[in-house]
Amino acid sequence: MSPSNARPAMLGAALSLLLVPVAFAQGRPAFNPGNLVVSRTVYDNRTGNVTVGETLPPNCVPSTGGCVTAVADGTYPYVFNNDPVDGSFGITSRIFLDHITPSGHVISSLEVPNSLEWWLFNGKRNQLVTSFSSKSELALHLSTDGRYLTFMGYVAPVNALDVSNSNTPDSFDSTNPVPSSYYRAIARVDRWGHFDFTETNAYSGNNGRAAILNDTWGNDVLYLAGNAGNGANPQPQNVVLGAGAQFVSLSNQPETDQAPGLPTPVASFSITELGDKADKLGKDDNFRGVTVFKNVLYYTKGSGGNGVNTVYYVNTGDTPCTGGVGLPAAGATLPTTPLSYSLPLPSTGLPNNMCILAGFPTTSNKAIDPVNFPFGLWFANSKTLYVADEGDGYTGGTDLYAHAAAQTLAGLEKWVFDSSSNQWKLAYVLTNGLDLGTPYTVASYPTGTNAATGLSWAPATDGLRNLTGRVNDDGTVTIWAITSTVSGNGDPGADPNRLVSITDTVSNTTAARAATERFRTLRTAGFGEALRGVSFGPGN
């Protein structure tokens, strides 16, 4: 093994000692609404997490055709060289909520309950983990009344393998090469650091990515975004029910006392609305981001070979959109009940009650190679919308850095509403200071070439994922966002990434006037860490 491929000497135990969360003084809140909260995950760096030669996925059924053997042990980051051989590979990890100032100074950190907290956990307590390399997870959102933060994860122990592609207990797919079953769950936390969890059977075979709590006027319902399915086509009915946009009622019971029923979708979209041929049921609803603005529920789709990578909204009005495209009705209201449908589902799937937001792309991913990959979205006002584009994630050759740098839509897209054409238009894309495609170093992270991929270990920014923003008194907005990466890691989702910020003039609509605006790097994840979501803290 060459020096460039030598494993870092840092041990998992030492890493854990460095990342012990700050204990809060009695009576002191965990979060303040003027500060930020960033979700961070930490890998439990143990060689024994995976054994070279063991069967992956664990307990894999040979008839599914997805059984392989591990090529790397559990040492970070080499463990993720198992990803190219096991398409379902992942390993669960702890979640931390970091309380930071808008300038990036870390004030304190709160660990989400998990199975490694042996002094608290006895098998009956609540627990929640993420899949470490699953880059689309752990978005943070304030509830509609601003009193809570919500995010999603898995009801599973730390260091469990392939959980992100596992089934859920009541939505089992026998064609899924991952035979295990774990509930997905939504965590709700208040400013004092008090957690509760709501389990769901949604997102069987894949992952829940985001959740927003509608708790205005006592509604207490959750809107979820995610993806479902890891098996054959057509997907089982219960998997289709648990895809995309979900509606879940908040639970006040411990996890062990909950018994969630079948998933309840809140909305659905099919490319047949655009006049295109139907594709794999449930995959048109492979949603990544979600937000609420003026009582309208918006979603983004930015990955997968099906559907359209674009921005959608849930149409709660009486008038259907024309050709799958439209604008929200004046006086729209948020959904207070799930989507109405009949079982068994017809071959066409769920009823369609979503529209592409007028002006955003409408071409299916099967018709062209997509060039836009929307993720998080944030409205500055009713005529200004910022969309994070995470880039295409290309790692197909040694030109990966040049490819990332050449992208024209990756970064922060600014969209403005054109009243004359009655649709949204892309004004410009902010990238200055992101240094797209420029590799950077992380302490103790490998250098040189990853022998498993033949590509450089060094991560480089490829675009942006989750984001939040604030309207300032001087007519500007400040946006905080989490970066995406490309690298020669077996799974670039496991790369240490960054928290960045930028200030933009709201009224500006030209790239020339925005040319001097630059992103600032506020924080870079350390060895064995990844940053995922960002939001302002909850208040009273």
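**Exercise 1. Which cysteine does a disulfide join to C60, and at what S to S distance?**

Start with the ground rules. This is a predicted model, in which local features need pLDDT of at least 70, side-chain atom pairs count only at pLDDT 80 or more, and totals for chains, interfaces and linings use all residues. Residues are numbered from 1 along each chain as its sequence is written, and side-chain values use heavy atoms, with hydrogens and water left out.

Step 1. Apply the criterion: a disulfide is a pair of cysteine sulfur atoms within 2.5 Å. C60 is joined to C67, S to S 2.1 Å.

Step 2. Get the handedness. The torsion about this S-S bond is about -90 degrees, so the C60 and C67 disulfide is left-handed.

Step 3. Check burial. Buried means under 20% relative accessible area, exposed over 50%, and partly exposed in between (1.4 Å probe, protein chains only). C60 has 10% and is buried. C67 has 31% and counts as partly exposed.

**Exercise 2. Describe the surroundings of S484.**

Step 1. S484 sits in strand β27 (residues 476–486). Its relative accessibility is 2%, so S484 is buried.

Step 2. Look for a side-chain partner. A polar atom of the S484 side chain lies 2.6 Å from the backbone oxygen of E390.

Step 3. List contacts (heavy atoms within 4.5 Å). Beyond neighbours within four places in sequence, S484 touches E390, A460, T461, D462, G463, L464 and R465.

**Exercise 3. Is P263 buried or exposed, and which residues are in contact with P263?**

Step 1. P263 belongs to the loop between β13 (245–249) and β14 (265–267). With a relative accessible area of 3%, P263 is buried.

Step 2. Leaving aside neighbours within four places in sequence, its contacts include S171, N201, A202, N238 and Y341.

Step 3. Compare sequence and space. P263 and V248 are 15 residues apart in sequence and 8.0 Å apart, C-alpha to C-alpha.

Key:
Helix = DSSP H or I, 4+ residues; strand = E, 2+ residues; numbered from the N terminus. Polar contact = N/O pair within 3.5 Å; in protein donor to acceptor, adjacent residues only side chain to side chain.
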